[in-house]
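Hi everyone, thanks for coming along. I'd like to walk you through one model this morning, so please have a look at the screen.

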Amino acid sequence: MFVGIVAAIVASMFAGLGPALMVAGIFGAVLLTVSVKDKHGQSALGRTVVRVNWLRTKFKGANVYRSGPVGRAKWGTFQLPGLAAASQLTEWDDSHGRRFALISTPATRHFTIVLATEPDGAALVDQEQVNNQVAEYGIWLSNLGDEPGIEAASVTIETAPDTGTRLRGEVEGSMDPDAPEFARAMLTEVMQSYPVGSATIRAYIALTFSATSRIGGKRRNAAEVATDLAARIPGLTSSLASTGAGAARPLGAQELCEVIRVAYDPAAALLIDQAKAAGDTADLTWTDVGPASAEAHWDSYRHDGAVSTSWTMTSPPRGVVQSGILARLLAPHRDIARKRVTLLYRPIDPARAAALVEADLNAAQFNSTASTKPTARSTLSTRSAQATASEEASGAGLMNFGLIVTATTTDQAHEADARAAIDSLTAAARLRMRPAFGSQDSAFAAALPLGLILPRHLRIPNEVREAL
């Protein structure tokens, strides 16, 4: 604005009023592209930059991935694409003798462990117990900030159709050969009809740690990080029991490979379940879990015979948030073959948290006092900022959080139905979501339990963006 005013004054002095108005109009148009924002908080200039970058990516062919022996990739294997291409997987033992997988991301020098949980659900649970579980979950998140070297955490809830293989194996293994024919026919009919329309729900927690346990500390390798985490994993899993997550255990390398493989190729789920039912193991390595073919579009992502669309949260629910606000979003849906809801958390350093809450409180008070008649929303924002500042001063932790929703369909004809279902579910949860335009492949990978921290992969560091 200052440059535009000076340029207009100089133009009026040397060229007259007409050219000065033209210069002022040009600078005014530029300011409008930055100041006018849509409901998601994005300016016209920001949307234009995203579109230009997408066109450059598409022109270079970087949105197309072909792997395997006949693919374009130099390594000739089915390595993961995009941000996780350089990741490495190793397996270690914790202090209880349980195997756990450790994902190394060399680009950001991060290490990730994945925990598998069995959520209890809210059925037939008293509200008092639900309140206790919510409070324990808040305490668990707050304690994450005290973990040495913690960088981020993610909670992934995945719903998928049940293949029926586990039920069939359980029934056939328990069936008496001398049972009456009527009972055998009834159990056979149950095995055939029960999996139709049913779904499985799985939950994973990914914890990402840095290579240095403290600022200015020595950079550690995978073996040193694994030795440190081996003694801390039992405490992390046991503390989840009171949050309603159920029995938590670390995920081994083979199990993690199966989870990622099925995410990119949903058809592999049936084959893996059949192998387990037969007593075999689908011997997968980290170089086998990626897609053979993947192509990122502006608003979708095609991978190994499936189509996925990812949404990112631009605004959290306003007002009072109840414990069951995400119930419908997390539940299985008949129009979505596979659905993945991932909550992303990044603990904020306590020294920096105090400055952030004070800045938010000052901004909210300024907006409230800027008008003689403050709106109800500005008044509520001031109260929320005051409550946050008071809780932080009392010792509460502060976190950045986000949410990614990924809907996968195996039939392209159902893609529109899946998108409409997600729009309805997010609206019921009072979430403001937008498709990850131009970044569908990165959003898909970030929603997986891989421990990817998107701000660390930006060309311009996130600290510089926040300062601007």
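Predicted model: local features only at pLDDT ≥ 70, side-chain atom pairs only at ≥ 80, totals over all residues.

Residues are numbered from 1 along each chain as its sequence is written, and side-chain values use heavy atoms, with hydrogens and water left out.

Now the overall picture. The protein's secondary structure comes to 16 helices and 13 strands. Helices here are DSSP runs of H or I with at least four residues, strands are runs of E with at least two, and both are numbered from the N terminus. Along its principal axes, the C-alpha trace spans about 105 × 55 × 50 Å. Of the 468 residues, 39% count as buried; buried means under 20% relative accessible area, exposed means over 50% and partly exposed is in between, using a 1.4 Å probe and protein chains only. As for contacts, meaning heavy atoms within 4.5 Å, residues 24 or more positions apart account for 76% of those with a separation of 6 or more.

Let's move to strand β4, residues 110-117. How many of its residues are buried? Eight of its eight. In a regular strand, side chains alternate between the two faces of the sheet. In β4 both faces are covered: His 110, Thr 112, Val 114 and Ala 116 are buried on one side, and Phe 111, Ile 113, Leu 115 and Thr 117 are buried on the other.

Which strands does β4 pair with? Pairing here means that DSSP finds at least two bridges between two strands. Strand β3, residues 99-105, pairs with β4 in the antiparallel sense over three bridges, and Ile 103 stands opposite Thr 112. The hairpin of β3 and β4 has four residues between the strands, and there Arg 109 takes a positive phi near 55 degrees. β4 is also joined to strand β6, residues 199-210, by eight antiparallel bridges. Two places to look for on the screen are Val 114 with its bridge partner Ala 206, and Leu 115 opposite Ile 205. Then there is strand β7, residues 249-250, antiparallel to β4 over two bridges, with Ala 116 standing opposite Arg 249.

Staying with β6, nine of its 12 residues are buried. β6 is joined to β5 by 11 bridges, and these two strands run antiparallel. Here Ala 206 turns up as the bridge partner of Ser 154.

Ser 210 lies in β6 and counts as buried because its relative accessibility is 9%. Beyond its neighbours up to four places away in sequence, Ser 210 touches Arg 109, His 110, Gly 149, Glu 151 and Arg 220.

Ala 153 is in β5 and, at 6% relative accessibility, is buried too. Setting aside residues up to four places away, Ala 153 touches Leu 144, Ala 206, Leu 207, Leu 343, Leu 344 and Tyr 345. Ala 153 and Leu 343 are 190 residues apart along the chain, yet their C-alpha atoms are separated by 8.4 Å.

Thr 159 also has its place in β5, residues 150-161. Is Thr 159 buried or exposed? Buried, because its relative accessibility is 4%. Leaving out neighbours within four places, its contacts are Thr 200, Ile 201, Leu 330, Ala 331, Pro 332, Ala 337, Arg 338 and Lys 339.

Finally, the helices. The axes of α1, residues 2-14, and α2, residues 17-35, come within 8 Å and cross at roughly 165 degrees. Axes are lines fitted to C-alpha atoms, for helices over the stretch in contact, and angles run from 0 to 180 degrees between N-to-C directions. α1 and α2 are therefore roughly antiparallel, as angles over 145 degrees count that way, those under 35 as roughly parallel, 65 to 115 as roughly perpendicular and the rest as oblique. Val 3, Gly 4, Ala 7, Ala 8, Ala 11 and Ser 12 in α1 meet Pro 19, Ala 20, Val 23, Ala 24 and Phe 27 in α2.

The other pair is α9, residues 253-264, and α10, residues 268-277, with axes that come within 8 Å and cross at roughly 145 degrees. Here Glu 258, Arg 261 and Val 262 in α9 meet Ala 268, Ala 269, Ile 272 and Lys 276 in α10.
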